[in-house]
Amino acid sequence: MSNKVVLAYSGGLDTSVAIRWLKETYGYNVIAVTIDVGSEKDSSAVKEKALQVGAIKAIVVDAKKTFVNDYIFPALKAGAIYENIYPMATSLARPLIAKILTEVALKEEAIAIAHGCTGKGNDQVRFEVAINALAPKVKIVAPAREWGMTREETIQYAEKYSIPVPVKSGHAYSVDENIWGRSVECGVLEDPWIEPPAEVYAWTKSPAEAPDQPAYCEITFEKGVPVALDGKAMDGLELINALNELAGLHGVGRIDHVENRLVGIKSREIYEAPAAVTLLTAHQALEDMTLAKDQARFKLKVTHEFSDIIYNGLWFTANRLDLSAYVDSTQRLVSGTVRIKLSKGNCIVVGRKSPHSLYAHNLATYEKGDQFDQSSAAGFIYIFGLPVKTQATLQPLYDMTTEKQDKGNGK
């Protein structure tokens, strides 16, 4: 019987320690799988490190374009933002990583899939629910949930066995990053009263130190997907990278959030998402021009549901597929260009245009050329307000002579 286990390997503290721990505890031979979704790590160095620590095989998969086209852009079209602030970079990458891990495990005939998530985080749920949806018979092992070590103890374990890790005792930030954003937690950040130290930021300038001269950029969308920056056609990966650099230079994309984790606790997270914040802002502005009022309001409900689906690790579900079909339908005419001003941490829409715009200047203007028939307003107000007037006449809620409100128990 196979004793191979496929480990989601990032090269960080927990997964590096897990390679030795899995061998020591269960006798597993570890196949380390690193999925590149846009982190800045040297993939070849991560691969060599996995082998050095004790993996029998190390695999690196470049999934950046798949991540952009099949996960980020569907989320962008949905306007997915968790709790109205977090673009969910980490959340979005997990189902893709789980899918690739499952494919490797089946190909290698591994007995199990392992991940480095703790028992207090969201990622354990995202990985395991996705793996169960794709390969329900594959066993799942979670070393960091089982070994019972604190973060400091895990660092000491690594030092004891000469396992190279990117953190040292007393400097235990936990960092995850991909092309859509970067997250930082642990250490002093666990006190939500403390301002994040400058050292936690890597992608964005401090707004105070950002250039005094603002930058303007124009983002062109076709059916809800960004296809050009300042008139230059780009694929999604190139465009996001360019916006991460430009918006980050101007301090855009810093997020300090106390969020509600799926496992029932609140956590303080620091995020950097320059491109995500810019694209979500621009996309919303274009929808404001091209979606009718009822479409926009119902889509907002879908947006909240879609965001929860991503955050809660339910990507591979029929509900998500159904909602994606609705979202794609809403994007049929979401095409056009949005002009953005980037300045001192602010991302501001200053212009928008679309061949499918519902904005009619001849109806909106107060100047010459106004074609709105203002005489229609009186009849509209009468019909619109008739139910209110009728109820106020037959069931008075207010006595204006005494300024008393009827509480429903008589006056």
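Before the details, the ground rules. This is a predicted model, in which local features need pLDDT of at least 70 and side-chain atom pairs count only at pLDDT 80 or more, while totals for chains, interfaces and linings use all residues. Residues are numbered from 1 along each chain as its sequence is written, and side-chain values use heavy atoms, with hydrogens and water left out.

Now the helix pair. Helices here are DSSP runs of H or I with at least four residues, strands are runs of E with at least two, and both are numbered from the N terminus. Helix α3 covers residues 64-78 and helix α4 residues 89-108; their axes come within 10 Å and cross at roughly 135°. The axes are lines fitted to C-alpha atoms over the stretch in contact, with angles from 0 to 180 degrees between N-to-C directions. The two helices are therefore oblique to each other; under 35 degrees would be roughly parallel, over 145 roughly antiparallel, 65 to 115 roughly perpendicular, and the rest is oblique.

On the α3 side, the contact is made by Thr66, Phe67, Tyr71, Ile72 and Ala75, which meet Ala89, Leu92, Ala93, Pro95, Leu96 and Lys99 in α4. Contact means heavy atoms within 4.5 Å. These residues divide into 9 nonpolar, 1 polar and 1 charged.

Next, salt bridges: a side-chain nitrogen of Lys or Arg within 4 Å of a carboxyl oxygen of Asp or Glu. The structure holds 20 of them.

Aspartate 328 lies in helix α11, residues 318-330, so the pair ties together parts that are 251 residues apart in sequence. Lysine 77 is buried at 14% relative accessibility, whereas aspartate 328 is partly exposed at 41%. Buried is under 20% relative accessible area, exposed is over 50%, and partly exposed is in between, using a 1.4 Å probe and protein chains only.

Another bridge joins lysine 299 and glutamate 287, at 3.0 Å from N to O. Lysine 299 sits in helix α10 (residues 293-311) and glutamate 287 in helix α9 (residues 274-290), 12 residues apart. Both ends are buried: lysine 299 has 3% relative accessible area, glutamate 287 has 5%.

Last item: Arg94, Asp123, Arg126 and Asp176 are linked in a network of salt bridges.

Terms used
Nonpolar A, V, L, I, M, F, W, Y, C, P; charged D, E, K, R; others polar.
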